[in-house]
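My entries follow in the order I made them.

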Amino acid sequence: MQDITVEELKDKLNAGEEFLFIDVREEWEYEEDNLGAKNIPLGEFPFALEDFESFKDKEIVLQCRSGARSGNAKNFMVSKGFTNVRNLLGGIMAYRAMEEEEG
């Protein structure tokens, strides 16, 4: 599955589409600013994976600050058999930049 752009994510959120949305940043980062995803810091991610077994073939969107940590989380999930994992390109920084451009 291809990664997801901030524009695609915004459309999904606005449309109320169903997908698992996970933010892998640290708790303090999440508390400063978030898009409403479930917060599971990357260091805890391997231990939480079994909670998402029912989503193995469903769409999962991962995000972090810039897309690097969530990219690592995506690779980990794919290695564990998850088939529809997408990384938010540019992370929350790109999402907020898009919002600023839109005014």
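I looked at one side of helix H4 and found Asn75 and Ser79 exposed. Exposed means over 50% relative accessible area, buried under 20%, and partly exposed in between, with a 1.4 Å probe and protein chains only. The model is predicted: local features need pLDDT of at least 70, side-chain atom pairs count only at pLDDT 80 or more, and totals for chains, interfaces and linings use all residues. Residues are numbered from 1 along each chain as its sequence is written, and side-chain values use heavy atoms, without hydrogens and water.

I then listed the buried residues of H4: Ser70, Gly71, Ala73, Lys74 and Met77. Seen down the axis of H4, they fall within an arc of 160°, so they line one face of the helix. The arc is taken from the directions from the helix axis to the C-beta atoms.

I checked what this face packs against, and noted helix H3 (45–48), S3 and S4. Contact here means heavy atoms within 4.5 Å.

I looked up the span of H4. Its 12 residues, 68–79, reach 17 Å from first C-alpha to last, close to the 16 Å expected at 1.5 Å a residue. The expected span is 1.5 Å times one less than the number of residues. Just after H4, Gly81 has a positive phi of about 100°.

Last came the sheet. Helices (H or I, at least four residues) and strands (E, at least two) are DSSP runs, numbered from the N terminus. I found 4 strands in an open sheet, ordered S2-S1-S3-S4, with parallel pairing. Strands pair if DSSP finds at least two bridges between them. S2 (38–39) and S4 (85–87) are the edge strands, each pairing on one side only. S3 (residues 60–63) is joined to S4 by 3 bridges, and Ile60 stands opposite Val85 in S4.
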